[in-house]
Amino acid sequence: IALTLQNSSVFYRRVLSRFPQDISLAFAYGSAVFRQTGGQMGVRNRKNMLDFVFAVDDPVTWHTMNLMENRKHYSFLRYLGPKHISSIQTDYGAAVYFNTLVPAEDRVIKYGVISTDALIEDLLHWKTLYVAGRLHKPVRILLQSEHGKLRAALVRNLKSAVIASFLMLPESFSEEDLFLQIAGLSYSGDFRMVIGEDKSKVSNIVKENMPHFRKLYNSILQECPQVVYKPQQGRLEVDKSPEGQFTQLMALPRSLQQQITRLVERPGKNRDVEEILLQVAQDPDCGSVVQQGISSIVKSSSITQSAKGIATAGLVKTVSYSAKKLQKMWRGWRRRPS
């Protein structure tokens with residue numbers, strides 16, 4: 001295992017060295033990095049495409065340099081130049097620009113570029129939950145700058161995932177229940193789960209990666225006043241009183257609070273957010289209102305980002321990538337017990 005880890009570290013360093021170095025956060029994610037039930041993992045399974053996200057402080061400068069070094073990574077949009085590429089990145093979808101099916105170190109990779117500011121915004125407020133949702137699950141951090149605001153936002157995002165999940169779970173539940181709920185947040189409402197993604201994806205991710213989830217969330221659960229955490233038994237108990245739920249609702253990211261407000265507020269009434277959340281806290285369907293709020297955020301960002309993906313990948317790559325996703329979904333469907 002140590003040798004594999006060492007080899008994979010060298011591999012990731014080599015991949016990163018192909019790109020402009022002005023990166024505030026780089027991470028690898030997905031089934032090629034962490035094992036999923038029924039699949040092989042890691043940089044040794046050469047068939048799986050490896051997924052990366054790079055956060056950069058200045059997208060125009062970064063794309064300028066990347067177009068000089070890696071022009072072939074881009075679709076026809078390369079002819080528009082770095083400024084237009086950056087505005088396509090920033091102004092549409094989930095503020096991520098993806099280059100896909102890129103050959104690197106005898107593998108095929110996909111990488112998304114997001115500005116550091118847009119990433120912090122998503123981590124704190126769940127504006128799209130696109131990258132924030134990926135970071136609810138274990139990822140392999142390859143590089144992280146000493147950016148204090150980004151560091152704090154990464155922790156805040158994990159705390160928000162825990163609080164939102166508490167609201168959707170019963171009073172007593174297992175660690176696995178919690179991690180299944182957390183891992184499923186960014187898939188609820190994602191139209192790609194209807195077509196193109198392996199439907200059993202969430203349980204596949206959690207079942208094989210319990211130690212990674214524990215490591216990611218252990219200190220947050222130990223310190224959270226809302227929950228009684230018993231790591232030895234792997235059980236948790238959470239406060240389901242209206243007061244407890246109100247405290248949790250008030251701690252949710254701003255975009256989610258706004259979505260919840262939209263869902264329950266009757267036209268013509270003009271109450272403030274606090275008043276509405278107080279009403280939701282007393283509602284027996286509080287959990288499903290939170291679920292719907294998350295789904296509406298994910299739904300709109302997954303559709304717009306995928307539409308943008310057709311332009312950034314180009315048509316040939318889009319067809320090839322979609323075919324691979326459908327194949328994966330078909331394999332997952334066939335594995336399922338009848």
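This is a predicted model: local features need pLDDT of at least 70, side-chain atom pairs count only at pLDDT 80 or more; totals for chains, interfaces and linings use all residues.

Residues are numbered from 1 along each chain as its sequence is written, and side-chain values use heavy atoms, with hydrogens and water left out.

Q: Why are β1 and β5 called paired?
A: Two strands pair if DSSP finds at least two bridges between them. Strand β1 (residues 25-29) and β5 share 4 bridges in the antiparallel sense, so they pass. One of the contacts is F27, whose bridge partner in β5 is I141. The strands themselves are DSSP runs (E, at least two residues; helices are H or I, at least four), numbered from the N terminus.

Q: What makes β3 and β5 the edges of their sheet?
A: The order of the 5 strands is β3-β4-β2-β1-β5, an open sheet with mixed pairing. β3 (96-104) and β5 (140-144) each have a single partner strand, so one side of each is left without a neighbour in the sheet. Neighbouring strands here are turned by 20 degrees against each other on average, direction ignored.

Q: How do you know which way β4 runs against β2 and β3?
A: β2 and β4 run parallel, joined by 7 bridges, with D51 facing K110 of β4 as its bridge partner. β3 and β4 run antiparallel, also over 7 bridges, and here V96 has I114 of β4 as its partner. β3 and β4 make a hairpin with 2 residues between them, and E105 in the turn has a positive phi of about 50 degrees.

Q: Why is β4 called largely enclosed?
A: Buried means under 20% relative accessible area, exposed over 50%, partly exposed in between (1.4 Å probe, protein chains only). In β4, 8 of the 9 residues are buried, so the strand is largely enclosed by the rest of the structure.

Q: What lies across β4, and at what angle?
A: Helix α4 (residues 116-125) lies across β1, β2 (50-56) and β4, at about 85 degrees to β4. Helix α3 (residues 82-91) lies across β3 and β4 (107-115), running at about 115 degrees to β3. Contact means heavy atoms within 4.5 Å; axes are lines fitted to C-alpha atoms, for helices over the stretch in contact, and angles run from 0 to 180 degrees between N-to-C directions.

Q: What makes E176 and K207 a salt bridge?
A: The test is a side-chain nitrogen of Lys or Arg within 4 Å of a carboxyl oxygen of Asp or Glu. The closest N and O atoms of E176 and K207 are 3.0 Å apart, so the pair qualifies. E176 is in helix α7 and K207 in helix α8 (residues 201-208), 31 residues apart, which links distant parts of the chain. The structure holds 8 salt bridges.

Q: Are E176 and R271 buried, exposed or partly exposed?
A: E176 has a relative accessible area of 29%, so it is partly exposed. R271 is at 19%, so it counts as buried. E265, the salt-bridge partner of R271 (3.0 Å, N to O), is buried at 18%.
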